[in-house]
Amino acid sequence: MNLAINQTEFQKFKNWFSGYAFSFKGYDSALTENTNLKEKHTYKVCEAILDIGKSIFLNEEELILAETVALFHDVGRFEQYKRFGTFMDSKSVNHSELGIEVLVREKVLDIIASETKDLIIKAIRYHNQARLPESENEECLLFSRLVRDADKLDIYRVVSEYYAEQKQGRKNKAIELDLPDTQSVSDEVVMAVINRKIVSFKDVKSLNDFKILQLAWIYDINFSFTSRRIKNEKYLDKIWDSMKEASIDPYIFLLVSEHINKNIS
Ligand SMILES: [Fe+2]
């Protein structure tokens, strides 16, 4: 199957994306701030997916395809925030499906082969699902795994920077998904980590639950490059440190730390 996207097509995608993101800026300060946040996130996910892709020796064509998936994976976030004022899918819409709707409506992917277009759409659809469908072909699973890892890597950057700034007084309810910043932690969330399972969003009731969900992402990392970077950047430590006052069982941190070391070795 020839999935190639040439440089001209890729440049058109980048131009469309920056113009589209720009169209959400300047109306109100919260929309502009959160548009900037997701635009920067997108470019960082593009960088991360290239780093991960190179670590597994993808060729030039595969790297462009991976970067295209990264460029469009969160394109639904802008309209989601504009319409609903939140990034919480359960309180608004599934942002992956909204992103796919935007790409189809704007005919963005119509300049490339339909097989390539289908693969990109599936990888976007799967980037935020709890699990990847086992029935998919290896090629689709590869690009889905790549964007899932790259996305998590950059969300780790965003939240660990934010939790540090939060101590200095910065507040962005959208990053906190409007969750209450209480000391409470849900039993279901703790039990998932102890059973070495990813945390389900439906069990997340507080900001601490969300932080533990982020720690448990380590159970859902696909490439050793990603684990190494998470460890080098001390993302888990930074998230854990931000929960100091909640006196959560340190066994949770021990488990995720052990898991990351196992992924690397
Ligand atoms: Fe996303």
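**Exercise 1. Helix H7**

Task: Work out what the span of H7 is and how it compares with the expected one.

Solution: H7 has 30 residues and spans 43 Å from first to last C-alpha, close to the 44 Å expected at 1.5 Å a residue. The expected span is 1.5 Å times one less than the number of residues. Helices here are DSSP runs (H or I, at least four residues; strands are E, at least two), numbered from the N terminus. The model is predicted: local features need pLDDT of at least 70 and side-chain atom pairs pLDDT 80 or more, while totals for chains, interfaces and linings use all residues. Residues are numbered from 1 along each chain as its sequence is written, and side-chain values use heavy atoms, with hydrogens and water left out.

Next, take burial. Of the 30 residues of H7, 21 are buried, so the helix is largely enclosed by the rest of the structure. Buried means under 20% relative accessible area, exposed over 50%, and partly exposed in between (1.4 Å probe, protein chains only).

Last, look at the ends. At the start of H7, a side-chain oxygen of Asn-137 comes to within 3.1 Å of the backbone nitrogen of Glu-139. After H7 comes Gly-169, with a positive phi near 110°.

**Exercise 2. Around helix H5**

Task: Say which residues of H5 are buried and what covers them.

Solution: The buried residues are His-95, Ser-96, Leu-98, Gly-99, Ile-100, Val-102 and Leu-103. Their cover includes helix H1 (7-22), H3, helix H4 (76-84) and H6. At the N-terminal end, Asn-94 caps H5, with a side-chain oxygen 2.9 Å from the backbone nitrogen of Ser-96. Just after H5, Lys-107 has a positive phi of about 55°.

**Exercise 3. The nonpolar core and the domains**

Task: Identify which residues touch the most other members of the largest nonpolar core.

Solution: A nonpolar core is a set of buried Ala, Val, Leu, Ile, Met, Phe, Trp, Tyr and Cys residues joined through side-chain atoms within 4.5 Å. The largest has 87 residues, and Phe-13, Trp-16, Phe-72, Ile-230 and Leu-236 touch the most other members. H7 gives the largest share, ten residues. At least three residues come from each of domain 1 (7-148) and domain 2 (179-264), bounds that come from an automatic or database domain assignment.

Now follow one member. Beyond its neighbours within four places in sequence, Trp-16 is in contact with residues including Phe-72, Val-102 and Leu-103; contact means heavy atoms within 4.5 Å.

Finally, the C-alpha centres of domain 1 and domain 2 lie 25 Å apart. Their contact takes eleven residues from domain 1 and eight residues from domain 2.

Key. Polar contact = N/O pair within 3.5 Å; in protein donor to acceptor, adjacent residues only side chain to side chain.
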